Amino acid sequence: MKQVSHRAIPFSASPVLSLRLPLWRSKCVVFLLFLGFAALAVRALWIQGPGNDFYQKQGESRYQRTLALPATRGKIFDRNGVVLATSLPVRAIWAIPEDAPSDLADPKLEALGKLLGLSRQALRRKLAEDKSFVYIKRQVPLDVAEQVAALDIPGIYQRKEYQRFYPEGEITAHLVGFTNIEDEGQEGIELSMQKQLIGMPGSRRVIKDRMGRVVEDVDELVSPRDGRDLTLSIDSKLQYIAYTDLKAAVLRNKAQAGAAIVLDAHTGEVLALVNYPAYNPNRRTQLTGAQLRNRVLTDTFEPGSIMKPLTLARALDLKRVAPTTLINTSPGRYKLDNATISDSRDFGVLTVANVLQKSSNIGTTKIALQLKPEEMWDMFTSVGFGQAPEIGFPGAVAGRLRPWQRWRRIEQATMAYGYGISVSLFQIARAYTALAHDGQLLPLTLFKNSDHGNQASERIAGVQVISPQTARQVRQMLEAVIGPGGTAPAAQLADYRAGGKTGTAYKHAKGQYDKSKYRASFVGIAPMSAPRIIVAISIDEPSAGKHFGGQVAAPVFAAIANDTLRALNVTPDKPVQLMAVANSVQQNRLEANR
């Protein structure tokens with residue numbers, strides 16, 4: 001067979017490859033390739049070196065999350081350790097709308113709506129929101145949250161939170177207050193002590209998948225610090241006594257509202273502070289302003305005759321009068337600067353003690369006019385009038401006390417018996433501590449400052465505003481006010497000697513006094529042998545036929561004071577023969593109230 005020989009063809013023989021390019025182009029290509037590899041090398045060095053932290057953070061942001069660890073809000077206790085406010089664990093149900101089922105007819109979504117009390121339309125609105133996170137419902141009880149979790153609905157998740165609970169309900173509502181859904185104080189102690197109660201939330205870092213599920217804990221950054229517990233000065237038993245008696249009086253007298261406060265005459269601690277109408281802080285739907293007002297601290301009023309003991313105390317202290325000094329109040333009317341001051345009747349000639357017992361406006365006026373305006377003003381300011389109480393409570397008002405330089409004689413006279421000046425019930429109760437504590441004005445507090453529980457607490461020192469002798473003289477006069485011939489026999493206690501002063505004032509509206517609207521008040525001290533408590537009562541616009549302080553407010557004092565002293569284990573100091581009289585008075589009062 002003939003062999004065929006193959007001739008080798010040179011590589012450069014191809015017409016394409018035989019084309020010679022300019023040398024500069026090849027060098028340019030090589031240079032560009034070099035620059036590209038150099039840029040890649042620099043970029044790699046940047047990513048692995050100085051820029052590493054940035055890219056590490058960017059990567060972690062895709063899968064790592066910092067979760068807040070909520071701190072538990074501090075509890076609030078009464079002076080004996082009874083819980084007034086606590087935080088209960090609950091759950092917030094939230095969703096990623098784009099991951100949730102779009103068909104609202106889905107049986108699981110229907111079950112979710114029923115469990116959470118949401119209509120299909122409400123649930124549709126929430127899941128239709130163009131957000132990556134939306135709350136479905138907050139503060140869901142744990143048992144309901146467990147049922148929600150059992151439905152295992154895609155895109156529906158839970159987070160831990162707390163709900164505030166108030167075991168005493170409306171009885172302590174105005175004092176303790178409440179928080180909002182974000183656990184922030186809105187009223188009362190919850191608001192004023194927000195920083196102490198809230199604590200400090202913590203945080204932890206976790207790895208999550210795209211569904212929001214925690215895959216792994218990385219580390220705990222900051223541990224949560226729970227809020228501080230607070231112990232108030234009030235006694236929940238005494239609070240209940242005061243609230244039930246006040247509520248009964250408001251309803252019985254068909255009044256607009258009422259307020260009461262009980263003070264420890266030794267320490268200045270507030271043992272009870274109540275208002276009516278009230279509200280349940282655990283169910284705050286359809287609240288009104290009238291329900292929310294803490295009238296003891298935020299409402300001011302013209303006090304009327306409960307101011308008279310302070311005016312007389314100043315005159316006695318400056319030796320302008322003595323308890324036996326005679327004052328002529330005839331004929332029951334007194335002209336002063338073209339104005340007429342009247343008494344309920346012609347009392348004739350009265351001693352200073354009788355002026356207080358009979359509550360004579362004319363007698364008080366004549367005593368007040370023996371004082372310089374500055375001297376009266378000094379007395380009123382020394383007991384705290386015209387100044388906001390320094391107790392750290394939101395809304396505590398200063399009242400109104402005009403500078404003495406602008407007083408006319410008629411204004412000095414009317415202020416002496418409680419018109420032309422405005423105070424809060426809290427302020428007037430504090431002023432009476434000077435009478436109960438041998439002339440020393442006590443600083444008041446809403447927080448417990450003794451470790452004696454319900455036992456007799458140690459006396460603390462106050463600011464001396466009148467002499468001890470003057471304080472004792474006025475206390476003797478106050479005791480006569482509730483005795484035979486006084487304006488408040490209904491204030492007598494069954495087991496204890498007591499004393500106090502009634503107040504009945506017209507309400508001021510639209511620039512003038514409305515003679516059809518009254519505020520009935522009473523401030524009392526008990527027991528008189530060794531004052532332990534001060535009780536102040538105010539009933540706004542009684543309209544059931546009685547409106548005098550001795551008829552409306554004095555019986556409330558008797559009920560609250562007697563039960564409070566028994567609860568405090570205070571030994572009765574009333575002579576046995578007088579107990580029978582007091583029991584008879586109380587029985588008649590109970591029958592009249594039925």
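A salt bridge here is a side-chain nitrogen of Lys or Arg within 4 Å of a carboxyl oxygen of Asp or Glu. The model is predicted. Side chains of opposite charge can pair when their charged atoms come close.

**Exercise 1. Decide how Arg475 and Asp438 are paired, and which parts of the chain they link.**

Step 1. Check the distance. The N to O distance between the side chains of Arg475 and Asp438 is 3.2 Å. The cut-off is 4 Å, so the pair is a salt bridge.

Step 2. Place the residues. Arg475 sits in helix H19 (residues 468–481), and Asp438 in the loop between helix H18 (433–436) and strand E17 (440–441). The pair therefore ties together parts 37 residues apart in sequence.

Step 3. Classify the exposure. Buried means under 20% relative accessible area. Arg475 has 10%, so Arg475 is buried. Asp438 has 25% and counts as partly exposed.

**Exercise 2. Work out where Glu190 and Arg164 lie, and whether each is buried or exposed.**

Step 1. Start with the contact. Glu190 and Arg164 form a salt bridge through their side chains, at 2.8 Å from N to O.

Step 2. Locate both ends. Glu190 belongs to helix H7 (residues 188–192) and Arg164 to strand E5 (residues 156–165). The two residues are 26 residues apart, and the pair links distant parts of the chain.

Step 3. Read the accessibility. Glu190 is at 0% and counts as buried. Arg164 is at 7% and is buried.

**Exercise 3. Describe the salt bridge of Glu170 with Lys247.**

Step 1. The closest N and O atoms of Glu170 and Lys247 are 4.0 Å apart.

Step 2. Glu170 is in the loop between E5 and helix H6 (173–176), while Lys247 is in helix H9 (residues 236–252). The pair therefore joins parts 77 residues apart in sequence.

Step 3. Glu170 has 28% relative accessibility, so Glu170 counts as partly exposed. Lys247 has 27%, so Lys247 counts as partly exposed.

**Exercise 4. Find how many salt bridges the whole structure holds.**

A search of the whole structure gives 22 salt bridges.

Key: Residues numbered from 1 in each chain as written. Predicted model: local features only at pLDDT ≥ 70, side-chain atom pairs only at ≥ 80, totals over all residues. Heavy atoms only, no water. Helix = DSSP H or I, 4+ residues; strand = E, 2+ residues; numbered from the N terminus. Buried < 20%, exposed > 50% of the residue type's maximum accessible area, 1.4 Å probe, protein only.
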